[in-house]
Amino acid sequence: MDHPTFQHRYCNFIIIISIFITGLTTKTDSIGINYGQIANNLPSPENVVTLIKCIGATKVKLYDADPKVLKAFANTGIEFMVGLGNEYLSKMKDPKQAQAWIKTNIQPYLPSTKITSIFVGNEVLTFNDSSLTSSLLPAMQSVHTALIVLGLHKQITVTTTHSLAILQNSYPPSSGTFRSDIAPCIASILSFQSKTGSPFLINAYPYFAYKDNPKQISLDYVLFQPNQGMVDPKTNLHYDNMLFAQIDAVYSALGALGYDKMPVHISETGWPSKGDGDEVGANVENARKYNGNVIKLSSKKGTPLRPEVDLNIYVFALFNENLKPGPTSERNYGLFKPDGNPVYNLGFSLSSSSSSSSSSSNPPSNDGGNNGSTGSGSAPPHPPTSSSGYLAISEATSLVSHTLSFG
């Protein structure tokens, strides 16, 4: 349901955004955005199309196959990664069921809507659920087989998303390895993905490493601000931000299993603009710096370990989602409020915030204060959603933040 004043407010700020985006569209054409809809106050998909074009995003990650969204984005040229929730995994092991799902949820919107990928399951291995884990690869294989039967496999790849909790070691980046208990499962998935040509998707949140250890981790290091950084003793590569170190730890883990050439895409990364009292660092200024710098850096080639490989990053998320359960931060990852107004000054973030210069005359303190606001109080009950495999960001990342505390 549209917010009644969305169009009016949208028209007011779009002029401001257009001023800075004019000279940056060629630089931000590789950025992706996560379009979550666990809310009851979001604008219509038709209005979202203009918003996404405005911020220069060319790729969208959708957590389901919402027909209203897929229809609204027809003929826009924006690439879509569509999700098939964890609750479908058991059923999708049957190729006939997979084919029926694609016929109903994907095929009707092609080729007008540019659907390029299906991610089967969301952070499945993080749940440590043997039933889900055993269903993951067979479901991926069935979906791919169905795409072959329907003649769509050359335009749509099949993958899955992972939390950084799948890493056993991550510091220094060159020591990156997968957890020994799930390494055989990951190896089988990688074999499938290598043969089918799909990327390895990882959700990475430096925010949680900082929140859990703010006294030892440099805020500048996680926000891409000027800092000493760290040098990997094995490769002698220098890292001045945690996100790139996390990505390279994943590349090292892939290499340890013999998949040096597997492309890594960051399917989620972001920073909350508000949090509870114990959510250190969750504030508007830090979110503005982090997301602004991610958007700028996404136009540049590579990490220290893979300098010639394109960065493929999906920012989390487009909107604040008011029905997400969990701590206040869960409902405050959006770049925009549901009425279409930016949560913070996106123009300032893109034009002034960078890894090589300070961007505020009043920088935030490392105590991670919430600027006098603690958010919406207690979490609402879990809302109905098309993907019951939803995993709270704070749940998924808290499992590994202690292993990613370098810097």
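1. Contact means heavy atoms within 4.5 Å. By that rule, P95, A98, Q99 and I102 in helix α5 meet S142, V143, A146, L147 and V149 in helix α6. Helices (H or I, at least four residues) and strands (E, at least two) are DSSP runs, numbered from the N terminus.

2. A word on the source. This is a predicted model, where local features need pLDDT of at least 70, side-chain atom pairs count only at pLDDT 80 or more, and totals for chains, interfaces and linings use all residues. Residues are numbered from 1 along each chain as its sequence is written, and side-chain values use heavy atoms, with hydrogens and water left out.

3. Helix α5 spans residues 95-105 and helix α6 residues 130-149. They pack at about 60°, with axes 8 Å apart. Axes are lines fitted to C-alpha atoms, for helices over the stretch in contact; angles run from 0 to 180 degrees between N-to-C directions.

4. Now the barrel. Eight strands close in the order β1-β2-β3-β4-β5-β8-β11-β12, with parallel pairing. Two strands pair if DSSP finds at least two bridges between them. The twist averages 25° from one strand to the next. Strands β1 (residues 32-35) and β2 (residues 59-62) share four bridges. Y35 has L62 in β2 as its bridge partner.

5. Look at T159 in strand β5 (residues 157-163). Is T159 buried or exposed? T159 is buried because its relative accessibility is 0% (buried means under 20% relative accessible area, exposed over 50%, partly exposed in between, with a 1.4 Å probe and protein chains only).
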